[in-house]
Amino acid sequence: AALILARVGLLPPGPAGPGFLPVATWVIAGYLVVNTGLNLLAEHPAERFGMGTVTLLAAVAAFVVARAPLDTTG
């Protein structure tokens with residue numbers, strides 16, 4: 001969450017610098033896509049429909065943030 005908040009400018013970029021944030025955001029988006037797929041394959045309905053929906057929405061949100069231009073105005 002802190003990386004996504006830093007990527008949108010709500011937190012400072014931290015010691016890794018702002019160049020690290022776009023890559024980290026794409027990694028998070030990819031992880032959430034994989035997580036969504038595994039949740040949708042789960043046997044338990046709560047995991048399939050509940051967490052599958054939550055992680056799908058989080059993946060879409062991370063994808064939108066990852067595609068946004070990086071604000072370098074400081």
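In the predicted model, Pro-13 is placed in the loop between H1 and H2, where helices are DSSP runs of H or I with at least four residues, numbered from the N terminus. With a relative accessibility of 37%, Pro-13 counts as partly exposed, a class that lies between buried (under 20% relative accessible area) and exposed (over 50%), as computed with a 1.4 Å probe on protein chains only. Although Pro-13 and Ala-2 are 11 residues apart in sequence, their C-alpha atoms are 9.1 Å apart in space. When residues up to four places away in sequence are not counted, Pro-13 touches Ala-6, Pro-18 and Leu-21, contact being defined as heavy atoms within 4.5 Å.

The model is a predicted one, in which local features need pLDDT of at least 70 and side-chain atom pairs count only at pLDDT 80 or more, whereas totals for chains, interfaces and linings use all residues. Residues are numbered from 1 along each chain as its sequence is written, and side-chain values use heavy atoms, with hydrogens and water left out.

Helix H3, which comprises residues 45-67, has 23 residues and reaches 32 Å from its first C-alpha to its last, close to the expected 33 Å, the expected span being 1.5 Å times one less than the number of residues. A kink of about 30° is centred on Gly-52 in H3, the bend at a residue being the angle between axes fitted to the seven residues ending there and the seven starting there. Gly-52 is also among the buried residues of H3, together with Thr-55, Ala-59, Ala-62, Val-65 and Ala-66. The cover over these buried residues includes helix H1 (2-7) and helix H2 (20-40).

Ile-4, Ala-29, Leu-32, Ala-59, Ala-62 and Val-65 make up the largest nonpolar core, which has six residues; such a core is a set of buried Ala, Val, Leu, Ile, Met, Phe, Trp, Tyr and Cys residues joined through side-chain atoms within 4.5 Å. H2 and H3 each supply at least two residues of this core, and H3 gives the most, with three. Ala-62 touches Ile-4, Thr-25, Ile-28, Ala-29 and Leu-32, not counting residues up to four places away in sequence. Thr-25 itself is found in helix H2 and counts as buried, because its relative accessibility is 0%.

The structure holds one aromatic pair, a term applied to rings of Phe, Tyr and Trp (its six-membered ring) whose centres lie within 6.5 Å, with planes under 30 degrees apart counted as stacked, over 60 as edge-to-face and the rest as tilted. The ring centres of Trp-26 and Phe-63 are 5.5 Å apart and their planes stand at 80°, so the pair is edge-to-face. Because Trp-26 lies in helix H2 and Phe-63 in helix H3, the pair ties together parts that are 37 residues apart in sequence. Trp-26 is partly exposed, with a relative accessible area of 41%, and Phe-63 is likewise partly exposed, at 40%. Apart from residues up to four places away in sequence, Phe-63 touches Trp-26 and Ala-29, whereas the C-alpha atoms of Phe-63 and Leu-40, 23 residues apart along the chain, are separated by 19 Å.
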